[in-house]
Amino acid sequence: MQYVSLYNGVKIPVIGYGTFQLADAALCEQCVGNALEAGYRLFDTAAVYGNEEAVGSAVRSSYVPRKEIFLTTKLWVQDAGYDSTLKAFEASLKRMKLEYLDLYLIHQPFGDIYGAWRAMERLYREGAVRAIGVSNFSPERLVDLCMNHELKPMVNQIEIHPFFQQGEALRVMKDYGIVPQAWGPLSEAQRDIFHHKVLSRIAQKHGRTTAQIILRWHYQRGVVTIPKTIHQNRMTENLDIFDFTLTEKEMESIGGMDIGHSEMIDHRCYYTARQLNSVKIHGDMLP
């Protein structure tokens, strides 16, 4: 495994395992366990995914020491705010039955994100979490947060893949020393990406799968990825990207696949704000 350092010195694996849509507890626990066996050390979950318990269980039952595992979970919109963030964090820890987290993210740029960030700064200073960051923050939202708080986010997890390459967002994150992390790094198989002629040609040249070419492209751009698969052979394949290099011409060819916008979700749309604010993951009072 290769690692990259956050601006506070904490090291994060460059490839992790995503658990989005793994709501079935038994399947989720099995997949995380298989991923640990395959060599994954970064695992990404969220309160809204409904699988924190399963992820925590797999980690606790693994032979891999806790200090070698990098765990991320996320604060949902419903819990944004200073006091509610502190309660939500404790609830996540309780569900996972862990003593600390490695990375805590504001999941969406909606609700009282400023109160939430102040609470996360407190959690970080108290040592309850090793790093804090955000998810789905567009460049202007990210810069505003940076300029109005003492601590900058250490990570911004956003949609990045060959069809939506987020060049401007990556440049802004570089300016502020923030590590980019890609959700949906394989484009969730949109536009038949695994058979795309550009990627297939490059994959054939290197004797690799198209997924490996995409993940290597991310790696050479300095982007941390969290691909998800339930298949053990693909888990192993997705990690096997460190013994070849894409040429500058190949990187440019993949760069030409960018359509410049998401076909999955638009976080700058009023409908998205309304929809995500409507999702409730618990009653009025947290346990």
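Residues are called buried when their relative accessible area is under 20%, exposed when it is over 50%, and partly exposed in between, as computed with a 1.4 Å probe on protein chains only. The structure is a predicted model, in which local features need pLDDT of at least 70 and side-chain atom pairs count only at pLDDT 80 or more, whereas totals for chains, interfaces and linings use all residues. Residues are numbered from 1 along each chain as its sequence is written, and side-chain values use heavy atoms, with hydrogens and water left out.

Helix α10 spans residues 248-255, helices being DSSP runs of H or I with at least four residues and strands runs of E with at least two, numbered from the N terminus. The exposed residues E248, K249 and E252 are carried on the face of α10 that is turned away from its buried side, while the buried residues of the helix are E250, M251 and I254. Seen down the axis of α10, these buried residues fall within an arc of 100°, and so they line one face of the helix; the arc is that of the directions from the helix axis to the C-beta atoms. The buried residues of α10 pack against α7 (197-206) and α8 (210-220), contact being defined as heavy atoms within 4.5 Å.

The largest pocket has a volume of about 990 Å³. On a 1 Å grid over the protein atoms alone, a pocket is an open set of points where a 1.4 Å probe fits, with protein on both sides within 12 Å along at least five of seven lines, and its lining residues have an atom within 4 Å of a point; grid points are joined across faces, edges and corners, and the volume is the space filled by probe spheres set on the points. Of the 38 residues that line the largest pocket, F20, Q21, W183, G184 and E188 lie nearest its centre. The largest share of this lining, three residues, comes from α9.
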